[in-house]
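Q: Could you walk me through this model, starting with how it is numbered and then going through its parts?

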Amino acid sequence: MGWSLIPSRLVLDSINLEIKKGEVVALLGRSGCGKSTLLHMVSGLTLPSSGEVVINGNTVRGLSPRWVMMFQAPSLFPWMTVAQNAALGLRFVGRASDISARVPEMLALVDLAGFADRNAQDLSGGQQQRVALARSLAPDPELLLLDEPFSALDAFTRRSLQRDVRQIARRLGLTLVLVTHDVSEAVRMADRVLVLDANPGRIAEDTAIDLDDEQREGGCERFNAELVRLMAIYTAVAHGAPPETPSETFVSIAPKSQQA
Amino acid sequence: MTALSANSGLRLALPSLSSLRGLAVGLLGITLLLALWWLGGWMIANDPDLSAFADFAPAPTFAALTQIVASGEVIDMSLPSLGRVGQGMMIAALLGIPVGIAIGRIGWLRELTNVPFQFLRMISPLSWMPLAVMVYSSWDSAIVFLIAVASIWPILFSTAAGVRRIDPAWLKVARNLGANPLSMLFVVILPAIAVDVLTGLRLALGVAWVVLVPAEYLGVTSGLGYSINDARDTLDYARLAAVVMVIGAIGFILDYAFMLAIKKFNWARDTAH
């Protein structure tokens with residue numbers, strides 16, 4: 001699969017990757033390596049110039065409420081309450097009857113049950129991002145795509161969201177793909193990290209992060225070892241090995257010819 | 001939590017203090033205006049060349065005002081005027097808001113219409129009067145047309161400016177959550193620009209209310225403009241001044257109503273995070 005702004009220069013080239021259902025995958029790379037472009041292609045915000053993205057058997061041809069993207073800014077609507085913001089996705093896809101049951105459940109899931117009737121502007125940045133998470137989760141997506149969603153938050157808020165988002169995703173059986181340039185974020189959150197190389201963007205390394213939830217909190221030897229290992233890969237990425245192909249495909253991104 | 005509740009307590013306390021002060025300053029201003037008016041009336045009454053116009057002074061005016069209010073005449077003369085302004089502004093809003101949204105959203109349309117619209121905007125609505133009289137069979141329609149022409153520009157430009165200030169991220173989020181163009185319009189764009197549209201309507205009302213009176217000098221036999229003309233023809237200057245008071249009072253009340261609506265729909269906070 002490739003994608004280019006101008007025909008002569010590909011932003012991404014020869015991306016061939018498969019993601020299992022329920023997996024938490026981090027796309028790690030420096031600014032401008034095309035990791036956001038790759039995420040946008042999975043979401044349908046942009047379409048590849050060649051090849052295709054397939055989610056759970058469906059070729060991505062555009063946006064869908066079944067795969068939802070979360071951005072760096074929560075972008076809540078300031079004229080609405082927290083609950084109204086969280087209900088937007090359900091409202092847009094014509095499931096207004098589900099709002100009364102689903103929204104309180106989602107707000108409880110992100111620890112904001114008591115904030116339903118507050119104006120979105122009364123909340124802190126971290127709380128707003130939690131509302132954005134509830135808004136993304138309410139329509140019950142199969143896949144959640146995170147485009148550096150915590151990079152505007154302070155360290156403590158960021159860490160609690162990193163932990164909670166991972167736990168929520170695991171509890172709901174949600175597949176999570178996140179883009180980050182923060183190695184520790186990848187170690188804390190991901191089961192699997194894809195390290196991207198730039199010009200054109202390609203997957204240079206595909207490595208598993210084998211830590212339990214407690215170890216992911218940090219401060220232990222296992223965590224530090226994984227951090228050092230991933231940092232070394234990230235630094236030496238230009239000489240990485242080609243990615244392997246795991247089974248139990250949930251999301252597959254591949255050139256057309258290989259799909260057939 | 002505690003910081004927030006303390007903050008909201010503060011927010012409750014401050015406006016009541018400032019609104020009390022605002023009321024006092026407003027009353028002082030009105031008193032000053034009345035004093036100047038009384039002084040003017042006194043000077044006119046003592047000038048032999050102008051003493052015929054002495055009824056413009058506050059005392060005769062308030063007597064005439066009491067009379068037209070008590071007899072219900074004030075309703076009879078105001079309703080036709082309010083109807084014409086309402087219809088004219090309605091037409092202006094129905095044209096101006098959609099066109100404003102289109103201009104705000106579509107770059108090439110904005111560039112294309114900028115010069116012609118600025119050109120048309122600068123033409124006094126009253127200069128269309130002869131044309132309006134020829135085109136429309138009734139005076140009423142001609143006046144409604146003039147008010148619509150006067151009102152459309154503030155509504156259109158204010159709407160377009162509001163649309164341009166919409167955070168593109170709101171539209172991206174909505175699209176990402178599966179919003180179709182219709183819900184995009186009603187759930188995102190219109191609430192986001194509500195205050196701009198209302199501000200445009202408030203400005204439009206100011207222009208429309210000014211245009212109304214000269215427009216009603218011609219042809220029609222009802223309305224506030226007609227009442228002024230009628231009072232002049234019968235040399236009833238106290239009544240003329242009383243109608244002027246009514247025009248000012250209604251204009252002030254309508255403007256205040258728009259201000260309250262703007263306050264209600266305004267979601268922007270000074271203390272936004």
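Q: Before we start, what should I know about the numbering and the kind of model?
A: This is a predicted model, in which local features need pLDDT of at least 70 and side-chain atom pairs count only at pLDDT 80 or more, while totals for chains, interfaces and linings use all residues. Residues are numbered from 1 along each chain as its sequence is written, and chains are lettered from A and ligands numbered from 1 in the order in which they are written.

Q: OK, how many helices and strands are in chain A?
A: Chain A has 10 helices and 12 strands, where helices (H or I, at least four residues) and strands (E, at least two) are DSSP runs numbered from the N terminus.

Q: And what share of chain A counts as buried?
A: Of its 260 residues, 45% count as buried; a residue is buried if 20 or more other C-beta atoms lie within 10 Å of its own, exposed if 12 or fewer, and partly exposed in between, with C-beta atoms placed from the backbone.

Q: How is chain A divided into domains?
A: Domain 1 of chain A takes in 3-66 + 142-259, and domain 2 of chain A takes in 78-140; the bounds come from an automatic or database domain assignment.

Q: Which element gives the largest share of the side of domain 1 that touches domain 2 there?
A: That is helix 6 of chain A, with 4 residues. In this contact, 9 residues of domain 1 of chain A meet 9 residues of domain 2 of chain A. The domain 1 side divides into 8 nonpolar, 1 polar and no charged residues, counting Ala, Val, Leu, Ile, Met, Phe, Trp, Tyr, Cys and Pro as nonpolar, Asp, Glu, Lys and Arg as charged, and the others, Gly among them, as polar.

Q: Tell me more about helix 6 of chain A, then: how far does it reach from its first C-alpha to its last?
A: Helix 6 of chain A (residues 155-172) has 18 residues and reaches 26 Å, close to the 26 Å expected at 1.5 Å a residue, the expected span being 1.5 Å times one less than the number of residues. After helix 6 of chain A comes Gly173(A), with a positive phi near 70°.

Q: Which of its residues are buried, and where do they sit around the axis?
A: The buried residues of helix 6 of chain A are Arg158(A), Gln162(A), Val165(A) and Ala169(A). Seen down the axis of helix 6 of chain A, these buried residues fall within an arc of 75°, so they line one face of the helix; the arc is that of the directions from the helix axis to the C-beta atoms. On the other side of helix 6 of chain A, Phe156(A) and Arg171(A) are exposed.

Q: What covers that buried face?
A: The cover over the buried residues of helix 6 of chain A includes strand 4 (24-28), helix 5 (125-137), strand 8 (143-147), strand 9 (175-180) and helix 7 (183-189) of chain A.

Q: Let's pick strand 4 of chain A; which strands does it pair with?
A: Strand 4 of chain A runs parallel to strand 10 (residues 192-197) of chain A, joined by 4 bridges, and it also pairs in the parallel sense with strand 9 of chain A over 5 bridges; two strands pair if DSSP finds at least two bridges between them. In strand 10 of chain A, Val193(A) is the bridge partner of Ala26(A) and Val195(A) that of Leu28(A), while Leu27(A) stands opposite Val179(A) in strand 9 of chain A.

Q: Are the faces of strand 4 covered or open?
A: Both faces of strand 4 of chain A are covered, with Val24(A), Ala26(A) and Leu28(A) buried on one side and Val25(A) and Leu27(A) buried on the other. In a regular strand the side chains alternate between the two faces of the sheet.

Q: Switching topic, how many residues of chain B are in contact with chain A?
A: 18 residues of chain B are in contact with 19 residues of chain A. Helix 7 of chain B gives the most to the chain B side, with 6 residues, and that side divides into 11 nonpolar, 4 polar and 3 charged residues.

How values were computed: Two residues are in contact if their C-beta atoms, placed from the backbone, lie within 7 Å.
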